[in-house]
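Q: I should like to learn how to read the helices and loops of a protein model. May we go through some features one by one?

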Protein chains: 2
Amino acid sequence: MRVAVVGAGALGLYYGALLQKSGVETHFLMRRDYDAVVSRGLQIYSINGDFHLPKINAWRTPEEMGKADLVIVAIKTFANDCYQELITPLLTSHTMIQTLQNGLGNEEALAELFGGERIIGGVAFLCSNRGEPGVVHHLGAGRIVLGEFVERDGQRLERLAEMFRGAGVDCRTTADLKRARWEKLVWNIPFNGLSALLRQSVDRLLAVPVTRTLVREIMLEVIRAGNAQGLHSDIPEKFAESMMEFTDNMGVYKPSMQIDREEGRELEIGAILRTPLRFGAEKGIGMPRTEMLATLLEQAQSGLQTGQYCR
Amino acid sequence: MRVAVVGAGALGLYYGALLQKSGVETHFLMRRDYDAVVSRGLQIYSINGDFHLPKINAWRTPEEMGKADLVIVAIKTFANDCYQELITPLLTSHTMIQTLQNGLGNEEALAELFGGERIIGGVAFLCSNRGEPGVVHHLGAGRIVLGEFVERDGQRLERLAEMFRGAGVDCRTTADLKRARWEKLVWNIPFNGLSALLRQSVDRLLAVPVTRTLVREIMLEVIRAGNAQGLHSDIPEKFAESMMEFTDNMGVYKPSMQIDREEGRELEIGAILRTPLRFGAEKGIGMPRTEMLATLLEQAQSGLQTGQYCR
């Protein structure tokens, strides 16, 4: 299996490094970290054990990478306009495309361009961030839930899951990708959104009763919108409470969107908030707090220079 | 008429200076500006014409000020716990107390302490801020709407209004103080709240369509809550649109709460947001966006050291 990782942020580098370490032929499309990785290799500092990969198949363009059996998509969602340019050169007729991106709408956009049959969704629960070029910090979790975008027998999915498990990743499969995506949004929307807006880690949000209530209310909006999408089974309302308790145990954790904001980067407001809002509105579900949060985040970002992401 | 101005911020100094200039015996309770005013007098830079008062009756304690016929209350609402200490020494049996403070609940709190008969509410529409000690900038507007807290004939109110008009203030009276307060909240809640939260002047909020929509939705929540309070006549929904257009003409204006936040001061979240929310909830009016805004502002303030305000 020849794997191409497109998007060498913390997530792409982390999972790609684990795959390479387990013997899978892995190639990385890189920009920022290219020079560092070519000269010093890739260093992973992980709660599961640090490791160093002295030699990485790093490439600056998808044309140089060549064809792949599996493309792992790990770019930020606001760069999804680059799908065509970054992925097309990697494809054969049988190449699978697995997105590990945040939020909603990524599988749909990939299917539109490349056909739904080859698309696999992956929902990643990973706490990680980048250090200096060539360094990734893995702070917690790491589970991946994989699901087919178009229903089919589970063989292909199970093979992929086996590959990740062989690399040490807690990888599960689901027949209900949509539910897995919405479950992650139940956490992502309030915590990424509020932490980014207020520049406060999750523990500070949870320490104040009225803010805790706001987090819960946003979660319930997301659960209601998700359950209107025709999931195989409903997400129960008590899922909100269990996500709050799960987060109570995370301590001083900064969600990725907060880090992005603090570092002056663009935020994934589209995939994490606006697309779920649109899916909710299409089913007649009002989400006033989520809507307000999206608006406030966009307004907080207004004036930010957004750039060219593809190359 | 011997007037005592309690709270020498921009608003108290501005109206007090106009009264003194027109010949009314005016006394000011001061902290920050005391030394400057005693040595250099009070300087007003106003769109209606600059002026300087070389000598001010400035006092450091209410005991030194002595009794007054009219107490004008102009302290920040988060210091309302100081009413008793600051106002009691100024009172005779006939002293009137006129609050020009922001938000809701001030007349009620004053009535609780000093009896409702002497309380007069004043809703001020003033764009002003303080410069260096002893300097006030008057940037726009200045109208005051006066109303009795307890219904009675209009004679006393008219006399007060005449005094302000004689000082050059556009002063009107209303038989429906509650409506005047809620009308001001229709502007204050979205613009003070959002500008303080995002640290953006009103023109930036109004320039973005989704944020403009959010402002309008918050205004409609406030109008609905106000109309549930038993006003003499309802505030029409179209009042929201006229407030938006009014604000379009204000240009790059920073509401007082934004300035307070930028300067690290405590925000008037109680009087401007929490008390209106409580009044709305008592009448069964849901205000999810206003509630979320109050929560976000409190959360943004969490960790701010709040101090002793009375002396």
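This is a predicted model: local features need pLDDT of at least 70, side-chain atom pairs count only at pLDDT 80 or more; totals for chains, interfaces and linings use all residues.

Q: What span should H1(A) have, and what is the distance between its end C-alpha atoms?

A: The expected span of a helix is 1.5 Å times one less than its number of residues. For H1(A), which covers residues 10-21 of chain A, this gives 16 Å, and the end C-alpha atoms are 16 Å apart, so the two values agree. After the helix comes Gly23(A), with a positive phi near 105 degrees.

Q: What does the comparison of spans show for H9(A)?

A: The 19 residues of H9(A) should span 27 Å at 1.5 Å a residue, and the computed distance between the end C-alpha atoms is 27 Å, which agrees. The buried residues of H9(A) include Leu214(A), Val215(A), Ile218(A), Met219(A) and Ile223(A).

Q: What covers the buried residues of H9(A)?

A: The cover includes H7, H8, H10, H12 and H13 of chain A, together with helix H13 (288-301) of chain B.

Q: How should I describe the packing of H7(A) and H9(A)?

A: One states the distance between the axes, the angle and the handedness, and then names the residues in contact. The axes of H7(A) (residues 177-198) and H9(A) (residues 209-227) come within 9 Å and cross at roughly 145 degrees. The crossing is right-handed. From H7(A), the contact involves Trp182(A), Leu185(A), Val186(A), Ile189(A), Pro190(A), Phe191(A) and Leu194(A), while H9(A) contributes residues including Leu214(A), Ile218(A), Val222(A) and Gly226(A). Sorted by class, this contact has 14 nonpolar, one polar and no charged residues.

Q: At what angle do the axes of H7(A) and H10(A) cross?

A: They cross at roughly 60 degrees, and the axes come within 11 Å. The two helices are therefore oblique to each other. Their crossing is right-handed. Glu183(A), Val186(A), Trp187(A) and Phe191(A) of H7(A) make the contact with Phe239(A), Met243(A), Phe246(A) and Thr247(A) of H10(A). The classes here are six nonpolar, one polar and one charged.

Q: How do H9(B) and H10(B) pack in chain B?

A: Helix H9(B) (residues 209-227) and helix H10(B) (residues 238-248) pack at an angle of about 135 degrees, with their axes 9 Å apart. These helices are therefore oblique to each other. H9(B) passes H10(B) in a right-handed crossing. Among the residues in contact are Arg212(B), Arg216(B) and Met219(B) of H9(B), and Phe239(B), Glu241(B) and Asp248(B) of H10(B). By class, the contact has eight nonpolar, no polar and four charged residues.

Q: Which helices pack against the buried residues of H12(A)?

A: They are helix H5 (106-114), H7, H9, helix H11 (256-262) and helix H13 (288-301) of chain A. Helix H12(A) has 14 residues and reaches 18 Å from its first C-alpha to its last, close to the expected 20 Å. Its buried residues include Ile269(A), Leu273(A), Pro276(A) and Phe279(A). Following H12(A) is Gly284(A), whose phi is positive, near 75 degrees.

Q: Is His232(B) buried or exposed?

A: His232(B) is exposed, with a relative accessible area of 55%. This residue lies in the loop between H9 and H10 of chain B. Leaving aside neighbours within four places in sequence, His232(B) is in contact with Ala175(B) and Asp176(B).

Methods: Residues are numbered from 1 along each chain as its sequence is written. Chains are lettered from A and ligands numbered from 1 in the order in which they are written. Side-chain values use heavy atoms; hydrogens and water are left out. Axes are lines fitted to C-alpha atoms, for helices over the stretch in contact, and angles run from 0 to 180 degrees between N-to-C directions. Helices (H or I, at least four residues) and strands (E, at least two) are DSSP runs, numbered from the N terminus. A crossing is left-handed if the near helix is turned anticlockwise from the far one by less than a right angle, and right-handed if clockwise. Contact means heavy atoms within 4.5 Å. Ala, Val, Leu, Ile, Met, Phe, Trp, Tyr, Cys and Pro count as nonpolar, Asp, Glu, Lys and Arg as charged, and the others, Gly among them, as polar. Angles under 35 degrees count as roughly parallel, over 145 as roughly antiparallel, 65 to 115 as roughly perpendicular and the rest as oblique. Buried means under 20% relative accessible area, exposed over 50%, partly exposed in between (1.4 Å probe, protein chains only).
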